[in-house]
Each structure stands twice: as C-alpha cells, then as structure tokens.
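Hi everyone, thanks for making the time. I'd like to walk you through one structure today, so please have the sequence and the 3D view open.

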Amino acid sequence: AVGPNKSYETTTSAGAPQFVAWVTQLNVTYSALTNISGNTGMALQPNVSTFAGDPAINGTMFVALTDANITLTPFNLSMINPHVVAGPALYQAG
C-alpha cells in the first residue's frame, strides 16, 4: 500500500523486470536492465539523438521497468501497461 494513509493498493501482472523504457513525447526507447539483485539493478541511458543532432534524452522524461521491449508509439503507449513492473518515474537529464 502507498499514499499518505496507505490506502492505495498497487498490483501488476507483468513478469520479472528485464528492460528500462525511456519515454519521451515522441519516442519509447529501451535499454537492458542488468545486475538485477533483489530490488536493485542497473541500466545505461541510451545514446539517442534526433535528425537535427539534438539529444533525445535531454530534460524531463519518464522511465519504467518492463518485462518486454514491445514496439510503441505515442499513439499506442497505453499498450505498455500490462508490461510495467515499476513506474513510471520522472527522469531528469541534461
């Protein structure tokens, strides 16, 4: 249970976490979740950029731990829900 009075219950039907989904307003990129031990793990921030050469991961974005790296767009992003193990969380870069 989470929340100020522990009244909000969360559940997931996803499997074990294997990937980190990096979600921007135009794209979803995945990186492998490695060194998983208990409730900890590591992932590298993807080195992705736009056609103009600007870094795609710059500013605030969302990250989530998922059990699969399914292909998503801004138009079908809700399809990630059954695969989310933890998150989304805010990520600040740049």
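This is a predicted model: local features need pLDDT of at least 70, side-chain atom pairs count only at pLDDT 80 or more; totals for chains, interfaces and linings use all residues.

Let's start with the overall picture. If you draw a box along the principal axes, the C-alpha atoms of the protein chain fill roughly 45 × 30 × 25 Å. The protein chain has 94 residues, and 26% of them count as buried. Its accessible surface comes to about 6,700 Å², with 56% of that belonging to carbon and sulfur atoms. On contacts, take those in the protein chain with a separation of 6 or more: 53% of them are between residues 24 or more positions apart.

Now zoom in on strands E1 and E2. E1 covers residues 19–23 and E2 covers residues 28–32. How are E1 and E2 joined, and in which sense do they run? They run antiparallel, with five bridges joining them. A hairpin connects E1 to E2 through four residues. E2 itself is mostly covered, as four of its five residues are buried.

Staying with E2, have a look at Ser31, which is found in that strand. Is Ser31 buried or exposed? Its relative accessible area is 11%, so Ser31 counts as buried. What does the side chain of Ser31 reach? It reaches the backbone oxygen of Leu44, at 3.2 Å. If we leave aside neighbours within four places in sequence, the contacts of Ser31 include Phe19, Val20 and Trp22, and also Ala43, Leu44 and Pro46. Keep Phe19 and Trp22 in mind for the next part.

On to the aromatics. How many aromatic pairs does the structure hold? There are two. In one of them, Phe19 and Tyr30 sit edge-to-face, 6.3 Å centre to centre and with 75° between the planes. This pair links distant parts of the chain, with Phe19 in E1 and Tyr30 in E2, eleven residues apart. Phe19 has 19% relative accessibility, and because the cut-off for buried is under 20%, Phe19 counts as buried. Tyr30 also counts as buried, at 18% relative accessibility.

The other pair is Trp22 with Tyr91, again edge-to-face, at 4.9 Å centre to centre and 85° between the planes. Here too distant parts of the chain are linked: Trp22 is in E1 and Tyr91 is in strand E6, residues 84–93, which puts them 69 residues apart. How covered are these two partners? Trp22 is buried, with a relative accessible area of 6%, whereas Tyr91 is partly exposed at 25%.

Next, the E3 and E4 hairpin. Strand E3 is residues 34–37 and strand E4 is residues 40–42, and the two pair in the antiparallel sense over two bridges. Ser37 stands opposite Thr40 in E4. Two residues lie between the strands in this hairpin, and Gly38 in the turn has a positive phi of about 65°.

Asn35, found in strand E3, has a phi near 50°. Is Asn35 buried or exposed? Asn35 is exposed, with a relative accessible area of 54%. My other example is Lys6, which sits in the segment before E1. Its phi is positive, about 55°, although Lys6 is not a glycine. Lys6 is exposed as well, at a relative accessible area of 57%.

Terms used. Residues are numbered from 1 along each chain as its sequence is written. Side-chain values use heavy atoms; hydrogens and water are left out. Two strands pair if DSSP finds at least two bridges between them. Rings of Phe, Tyr and Trp (its six-membered ring) pair if their centres lie within 6.5 Å; planes under 30 degrees apart count as stacked, over 60 as edge-to-face and the rest as tilted. Buried means under 20% relative accessible area, exposed over 50%, partly exposed in between (1.4 Å probe, protein chains only). Contact means heavy atoms within 4.5 Å. Accessible areas come from the Shrake-Rupley method with a 1.4 Å probe; for residues, only the protein chains shown count as cover. A polar contact is a pair of N or O atoms within 3.5 Å; within protein, one must be able to donate a hydrogen and the other to accept it, and residues adjacent in sequence count only if both atoms are side-chain atoms.
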